[in-house]
Amino acid sequence: MMQPDEKINIKKVDTIHKEKIEKLLRQLLIEIGENPDREGLIGTPARMAEMYEEIFGGYKINSELDVSFTEAAETIIAKDIQFYSMCEHHMLPFFGKIHIAYVPAGKVFGISKLIRLVEKYARRMQIQERLTKEIADEVMKRGVKGVLVIAEGEHLCMKMRGVRNGSLILTEAHRGIMEQKEIREHVLSLIYTSKQELQAV
Ligand SMILES: [Zn+2]
């Protein structure tokens with residue numbers, strides 16, 4: 001039996017139809033003016049279909065944050081979790097780092113579970129703002145006192161096209177006691193001060 005709260009906003013995908021995707025990609029190559037039968041491209045639709053199964057694998061990940069252990073702790077920060085996602089407006093990658101800070105209510109999450117949570121929401125068609133919020137909402141739902149999520153992302157759709165603006169996009173979401181400005185500022189200083197120290201070494 002699935003817990004109903006685990007299924008919110010999760011589209012159920014059984015398996016990716018690789019042959020269908022291959023056909024579409026082959027057609028796409030023709031439409032952009034390529035010859036899909038030339039040596040370098042002949043295997044490309046199949047390779048991309050294979051790759052899509054991995055980079056869009058987030059739809060199939062269920063939350064594993066339930067596996068936690070009891071620990072007396074105030075604030076826990078999981079910093080610099082690498083993510084790779086796909087911009088849903090241009091279907092180009094955006095990627096970077098996510099920091100998750102939370103105040104547990106008795107239980108703490110293993111770092112591997114937080115990484116898995118990031119993958120769940122990153123490995124799909126996404127926008128960075130929603131990615132940040134969805135992670136915060138899910139951590140909050142697991143019964144913590146508060147959570148702050150920061151994402152730092154580079155967007156290829158901004159770098160490769162349009163304005164060719166290469167700036168880093170920062171997004172933030174906070175819930176629970178992180179609504180309190182003093183607590184949030186303290187946590188932000190922990191994240192960013194230790195980062196600078198690391199860079200100075
Ligand atoms: Zn985009």
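**A loop and the sheet beside it**

Guide: Met 91 lies in the loop between strand 2 and strand 3. Helices (H or I, at least four residues) and strands (E, at least two) are DSSP runs, numbered from the N terminus. Residues are numbered from 1 along each chain as its sequence is written. This is a predicted model, in which local features need pLDDT of at least 70 and side-chain atom pairs count only at pLDDT 80 or more, while totals for chains, interfaces and linings use all residues.

Met 91 is exposed, with 9 other C-beta atoms within 10 Å. A residue is called buried if 20 or more other C-beta atoms lie within 10 Å of its own, exposed if 12 or fewer, and partly exposed in between, with C-beta atoms placed from the backbone. Met 91 also has a positive phi of about 55°, although it is not a glycine.

Asp 80, in strand 2, is likewise not a glycine and has a positive phi of about 55°. Asp 80 is partly exposed, as 13 other C-beta atoms lie within 10 Å. Leaving aside residues up to four places away in sequence, Asp 80 touches Lys 97 and His 99; a contact means that the C-beta atoms, placed from the backbone, lie within 7 Å. Lys 97 is 17 residues from Asp 80 along the chain, and their C-alpha atoms are separated by 5.0 Å.

His 99 leads on to strand 6, where Ile 150 is its bridge partner. Ile 98 stands opposite Ala 151 in strand 6. Strand 3 (residues 93–103) and strand 6 (residues 146–155) pair in the antiparallel sense over ten bridges; strands count as paired if DSSP finds at least two bridges between them. Eight of the ten residues of strand 6 are buried, so strand 6 is largely enclosed by the rest of the structure. On to strand 7: eight bridges join it to strand 6, and the two run antiparallel. Val 149 has Ala 173 in strand 7 as its bridge partner.

Put together, five strands form an open sheet with mixed pairing, in the order 5-2-3-6-7. Strand 5 (125–126) and strand 7 (169–176) are at the edges with a single partner strand each, so one side of each has no neighbour in the sheet. Helix 4 (residues 128–141) packs on this sheet and touches strand 2 (76–87), strand 3, strand 5, strand 6 and strand 7. The direction of helix 4 makes about 25° with that of strand 7; axes are lines fitted to C-alpha atoms, for helices over the stretch in contact, and angles run from 0 to 180 degrees between N-to-C directions.

Helix 4 also meets helix 3 (residues 111–122): their axes come within 10 Å and cross at roughly 135°. The two helices are therefore oblique to each other, since angles under 35 degrees count as roughly parallel, over 145 as roughly antiparallel, 65 to 115 as roughly perpendicular and the rest as oblique. Leu 117, Val 118, Tyr 121 and Ala 122 in helix 3 meet Leu 131, Glu 134, Ile 135 and Glu 138 in helix 4.

As for the whole chain, its secondary structure comes to six helices and seven strands.

Terms used. Two residues are in contact if their C-beta atoms, placed from the backbone, lie within 7 Å.
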